[in-house]
Every structure is written in structure tokens, then in C-alpha cells.
Amino acid sequence: MGTGVLTVPFPRVDGELCAGPFRLSELAERFGTPLYVYHLEQIEARYHAFTHAFREVDHLVAYSVKANGNLAILHRLGQLGAGADIVSLGELYRARRAGIPTERMLYAGVGKTEEELREGIEAGIYSFNVESRGELKRLDAVAASMGAVAPFAIRVNPEIVSPTPHEYTRTGHAETKFGVMVDEGFELYAWARGRPHLRARGIDVHIGSQILEPRPYFDALSRVIAMVPRLREEGDELEFVDIGGGYGVPYDAEPRLVIEDLANVILPLVKSAGLRLVMEPGRFIVGEAGVLLTRVEYVKRLGTKWFVIVDGGMSELIRPSHYDAYHAIEPVVMPGAPHIEVVDVVGPICESGDFLARARPLELPEPGDVLAVRTVGAYGFAMASNYNARRRPAEILIEGDQAHVVRERETIEDLVRGETIPWEKPGKGGRGER
Ligand SMILES: Cc1ncc(COP(=O)(O)O)c(C=O)c1O
């Protein structure tokens, strides 16, 4: 297994952006736009780089399904040895359907329902990452009703304000809804002790997403590992420490998080605690391995401002609107004589918040040109919606010299699936019927 040397995804060759042997312009033509394109080799390289950095310790890479839950991607990661960090019955279904063994799955989330706990226990989940007293009590009751033993870890809130680009992606301090404070953590482990239907298997922390420095991980891990000797003394035989996800990727000119640097900082702590290390990377594995192709419909000038109106918007990629996130945007074919203007790249949706980039210097495109929006492999399609009754785009996975359609573009009929008009006469309701 390789060490996963990271190469530039979607390089420009002879003026054209490419994915392996394919020109992105060719893929846009063949499969239509807007279109998500992923490069499998890039995903695999990132998975290998990640797991290689932690090779000195027993570890589990529980890929965070929420970042990109496409079945083909989950399947390949599962083949490579990954587990899954899941947060819903839907993600449990996806990960199982993709063949990831349940004993490599961790069930996270602040609001697990009784049904979710029951199905997770039945499935044989490796651990429930428990976020409140109420949840632990509910887990105990559900496990007891099934005559089962539920493995759990308490998610500790380490009171660390992590350096992420947006407040919505910080999850390690007390103003957020996540985890329990250290003192309460001790109380919960004590409460569970001696209860025959609960098994304290680990301890968990997750401080946020898009973190580019090792230091906050060191701080968070130090905090939870400091709890371990007392828990052991009191009788818990903990097996793992889960340090969550959040490993950042460069979207603009920010420095890359070097995963070996992170490993160098945290491995001594993990070794000293003698625990298995669980990590839940999402973005790091898939973020850079995806582009969104979108075609220019119109270019217009309003007062002094240029707008490039494209066929993909916040329904396909909500990150710019929701997190004010930056995504690099480039023409897939470099124009002969570029004419740079400062433009807003906007979608067709009826919201002023529908933009992919604002005040961005860009080679002024023409209608019909295709633009590539970079670094959308994570939280791209996964957060796509049908807002404005738009069909969610197709997803293409490049593997060697093959372009697989790993998700078809939704059809118009998909948009009304499950809906009924109760007073409509039987036989009515076909496409275009009045
Ligand atoms: C508990 C947990 N684990 C892992 C992740 C994955 O984060 P990322 O994709 O930044 O690695 C998240 C994301 O929010 C999360 O909430």
C-alpha cells in the first residue's frame, strides 16, 4: 500500500483542466452541467497519506460519511480499510449498503432517536459517541429492552475555540451544543459503571471542521487523555480515543495541513495512553478530489458590476452562501486572450445569497463556456438541495481511463416522488396533464 503522495488534482494540460485522461470540457459535454466530477486516484492517495501517517499505532480511519456519502466512494474506502462516522439511519444504511463493516462504525450526533439507538445496537456498531446524560440513559434503556450491551464513548467538550474559518464549524467550546463538560463526563462514566447493558469502550472529542494546525488537536487530545487514568482507576477498561475529524484542506492560498506534522504532535500522547486511535476525517479525504462543472448562461453588467450567471448555484453548492466559503473558479478551457474582470459568479436561484463567488477576478467568460469550481468533493453534493425545484446533478467518478456515472442526474419525476394531490381523480397527474 502506497504512502499516498499528494499530486495536484485536476491539473491544466495544454490549457485544459483534466481528470486523468479526460478533459473536463469533454465530461461537461458528455454528461451535461452542472456536474460533480471526482477523481478516485486523488481520494485513494489522501486516504493512504492519512492512514500512513498514523501507522505506528493501532488506528481506525472512520471516514465521515456526511462529507460525501456517494456509495461508490464509500465502497472503495471500505475496501481500503476505512470505517465510517455516521450520524443518521440514512448514513448507517448508506455505509452498510456500500459494504463497510458495522464494527468499524461510530454513531455520532447530539439528537439520536430511540429508533436510531436500537438499529445501531442491532447492527453491531463499534461505539455510540454519546453527547448527553439523557442520551446515555436512553441508550441504557434501549439496550436493556433488547437484552444487549451497547458500547459507548462520551464526547467531551474540551472548551477549545478551534481556529476554523466560520463559527458554524467550531464545535469544541461550551457555547455550542456538542458533548458534555469534563466533570459531567466523569459523572456519566461513573453512572454507567456496573450497568450490565452499557460498556464504556472509549472517549471522544471533536473540535470542528477545516482546521489547518496540529495545535488545537494536541490541546483537545491532552484534555481527554488526562481523564483516562482516573477512569481506569475507577474501573473503566477503555479501548480507544476518538479525536474526531476536521483536518483541513487548502481552498485558496492557505498552507496545507501536513498530516505527518499532526501525527508527530499527537502520537506521543496516544502511545502514552496505550489506546487505539480513532479519527473521523471527511474533507481531508474527498475535498480536493472533486470539481463542480457549471456552464455560463449569461454575462451581464449591472451599473459598474459584472455578473457571470451560471447553471449551478446554491442548490448545488451551498458553502459560499452558508459559510461564506471561498472556492477557486477557473475556466476549463483557458481562453486565448484572457480579459480579466472582477465579477460575481451567481446561480439561477431567486436569492441574492445565491452566489459561488463574489468580487472575484476572473477571465471574463462567454455564454456556453464551462467553469470548474474547485475543492467541492466534501460538503458539495452532500449539502445539495432541490430548492427552486431543481434536479440534483449527476456525479461522475474517474477511475483510470473510465468515467463512471456513480449517481444519475435527478429526473423531473424525481422531484414529485412521494407527493400526492388528495382530491385529484385517479389516472390524472401524468407529466404535463391538466
Ligand atoms: C463528529 C464529527 N466527526 C467528523 C466530522 C468530519 O469533519 P471533516 O469533514 O472536517 O473532517 C464532523 C464534521 O462536522 C463531525 O461533526
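**Cavity, pocket and rings in a predicted model**

Colleague: How many cavities of 30 Å³ or more does the count come to?
Modeller: One cavity of 30 Å³ or more is counted. Keep in mind that this is a predicted model.

Colleague: What volume does the largest cavity have?
Modeller: About 30 Å³.

Colleague: And which residues line the largest cavity?
Modeller: Its lining is made of Val205, His206, Ile207, Tyr217, Ala220, Leu221 and Ile243. By class, that gives six nonpolar residues and one polar residue, with no charged residues.

Colleague: Switching to the largest pocket: how much space lies in it?
Modeller: The largest pocket holds about 580 Å³ of space.

Colleague: How many residues line the largest pocket, and which lie nearest its centre?
Modeller: The lining has 27 residues, and those nearest the centre are Lys66, Thr171, Phe178, His206 and Tyr379.

Colleague: How does the lining of the largest pocket split by class?
Modeller: There are nine nonpolar, ten polar and eight charged residues in the pocket lining.

Colleague: Where does the largest pocket lie relative to domain 1 and domain 2?
Modeller: Between them, because both domain 1 (1–39 + 283–434) and domain 2 (109–279) contribute residues to its lining.

Colleague: Now the rings. How many aromatic pairs are there?
Modeller: The count comes to nine aromatic pairs. One of them is formed by tyrosine 217 and tyrosine 247, with ring centres 4.9 Å apart and planes at 15°, so this pair is stacked. The cut-off for stacked is planes under 30 degrees apart.

Colleague: Which parts does the pair of tyrosine 217 and tyrosine 247 tie together?
Modeller: Tyrosine 217 is in helix α8 (residues 215–225), while tyrosine 247 is in the loop between β11 (240–242) and α10 (259–273), so the pair links parts that are 30 residues apart in sequence.

Colleague: Are tyrosine 217 and tyrosine 247 buried or exposed?
Modeller: Both tyrosine 217 and tyrosine 247 are buried. They also belong to one aromatic cluster together with Phe50, Phe54 and Phe284.

Colleague: What sits over the ring of tryptophan 191?
Modeller: The charged end of arginine 195 does, 3.7 Å from the ring centre. Arginine 358 has its charged end over the ring of phenylalanine 355, 4.0 Å from the centre of that ring.

Colleague: On to the backbone. Which residues does a cis peptide bond join?
Modeller: Threonine 33 and proline 34, with omega about -10°. Proline 34 is in the loop between α1 (24–31) and β4 (35–39).

Colleague: What is phi of aspartate 14?
Modeller: Phi of aspartate 14 is near 50°, which is positive in a residue other than glycine. Glutamine 210 is not a glycine either and has a positive phi of about 70°.

Colleague: Where are they? Start with aspartate 14.
Modeller: Aspartate 14 is in the loop between β1 (12–13) and β2 (16–19). Glutamine 210 is in the loop between β10 (198–204) and α8.

Colleague: Does aspartate 14 count as buried or exposed?
Modeller: Aspartate 14 has 77% relative accessibility, so it counts as exposed. Glutamine 210 is buried, with a relative accessible area of 4%.

Colleague: Last one: where does valine 291 lie?
Modeller: Valine 291 is in strand β13 (residues 290–302). Its relative accessible area is 1%, so valine 291 is buried. The C-alpha atom of valine 291 is 9.1 Å from that of glycine 380, and the two residues are 89 residues apart along the chain.

Note on methods: Residues are numbered from 1 along each chain as its sequence is written. This is a predicted model: local features need pLDDT of at least 70, side-chain atom pairs count only at pLDDT 80 or more; totals for chains, interfaces and linings use all residues. Side-chain values use heavy atoms; hydrogens and water are left out. Rings of Phe, Tyr and Trp (its six-membered ring) pair if their centres lie within 6.5 Å; planes under 30 degrees apart count as stacked, over 60 as edge-to-face and the rest as tilted. Helices (H or I, at least four residues) and strands (E, at least two) are DSSP runs, numbered from the N terminus. Buried means under 20% relative accessible area, exposed over 50%, partly exposed in between (1.4 Å probe, protein chains only). A charge sits over a ring if NZ of Lys or CZ of Arg is within 6 Å of the ring centre and within 35 degrees of the ring normal. On a 1 Å grid over the protein atoms alone, a cavity is a set of points where a 1.4 Å probe fits but cannot get out, and a pocket is an open set with protein on both sides within 12 Å along at least five of seven lines; lining residues have an atom within 4 Å of a point. Grid points are joined across faces, edges and corners, and a volume is the space filled by probe spheres set on the points. Ala, Val, Leu, Ile, Met, Phe, Trp, Tyr, Cys and Pro count as nonpolar, Asp, Glu, Lys and Arg as charged, and the others, Gly among them, as polar. Domain bounds come from an automatic or database domain assignment.
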